[in-house]
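Visitor: I am new to this structure. Please take me through a few of its details, one question at a time.

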Amino acid sequence: MLLGSLLLGLSCDKNEDVPAGHDLLFQQDIFIPAGIGAFDVHHFQIKNIPTRYDQALELNGKKSEDISRVLTLQSTMAGVFGDADFAFIDQVSLRVFDASDPTDFVEIAYRYPMPLNPGNNLPLIPSLADSKRFFEKSHISLDLVLWLRNTTQIETDVRLSLQMRAAHK
């Protein structure tokens with residue numbers, strides 16, 4: 001019994017790697033057309049998304065200098081109508097950038113390798129990159145980059161959900 005209590009006391013807390021802070025939530029819809037091929041890299045850019053960073057700071061009684069970094073907690077691609085099948089995708093990269101310079105970006109989530117039958121809901125893997133320099137601005141832009149296994153057969157409406165954590169110092 002003592003050994004069991006000791007092991008329970010020493011077990012890891014699943015949320016111990018999540019820094020204290022407040023969340024910034026984003027949800028954007030994109031459209032993947034039918035007929036795009038597997039031999040190109042496809043970029044789906046969503047520009048000038050309001051970050052509401054200053055409002056979130058005010059709600060949490062913080063200033064920008066109180067935030068050490070902004071990290072990705074969770075990101076998901078899901079079919080809007082529940083009928084999407086992401087099996088045509090080989091790899092995904094979600095990048096944040098400033099609309100004034102699309103060549104300066106940070107990858108905030110990815111998925112590689114892809115499951116062979118991902119279905120309608122595709123969780124992306126959060127990167128460890130600090131993206132504060134983008135999210136502290138009034139607007140961000142996102143670039144969903146897709147490498148395909150084969151040509152898309154149908155049009156697909158996709159909802160991209162993103163949960164970022166502004167970590168408090």
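Visitor: Is arginine 133 buried, partly exposed or exposed?
Guide: This is a predicted model, and the value here is computed from it. The relative accessible area of arginine 133 is 40%. Buried would need under 20% and exposed over 50%, so arginine 133 is partly exposed.

Visitor: Which residue meets the side chain of arginine 133 in a salt bridge?
Guide: The N to O distance of this salt bridge is 2.9 Å. The pair links distant parts of the chain, 29 residues apart, with arginine 133 in helix 3 (residues 132-135) and its partner in strand 5 (residues 101-111).

Visitor: Which residue meets the side chain of arginine 159 in a salt bridge?
Guide: Arginine 159 is partly exposed, with a relative accessible area of 28%. The side chain it meets lies 2.7 Å away, N to O. Arginine 159 is in strand 8 and the partner in strand 1 (residues 21-32), 130 residues apart. The partner is aspartate 29.

Visitor: Is threonine 152 buried or exposed?
Guide: Threonine 152 sits in the loop between strand 7 (139-148) and strand 8 (156-168). Its relative accessibility is 4%. The cut-off for buried is under 20%, so threonine 152 counts as buried.

Visitor: Which residue has its backbone oxygen 2.8 Å from a polar atom of the side chain of threonine 152?
Guide: Beyond its neighbours within four places in sequence, threonine 152 is in contact with residues including Ile32, Ala34 and Phe88. The backbone oxygen in question belongs to proline 33.

Note on methods
Residues are numbered from 1 along each chain as its sequence is written. This is a predicted model: local features need pLDDT of at least 70, side-chain atom pairs count only at pLDDT 80 or more; totals for chains, interfaces and linings use all residues. Side-chain values use heavy atoms; hydrogens and water are left out. Helices (H or I, at least four residues) and strands (E, at least two) are DSSP runs, numbered from the N terminus. Buried means under 20% relative accessible area, exposed over 50%, partly exposed in between (1.4 Å probe, protein chains only). A polar contact is a pair of N or O atoms within 3.5 Å; within protein, one must be able to donate a hydrogen and the other to accept it, and residues adjacent in sequence count only if both atoms are side-chain atoms. Contact means heavy atoms within 4.5 Å. A salt bridge is a side-chain nitrogen of Lys or Arg within 4 Å of a carboxyl oxygen of Asp or Glu.
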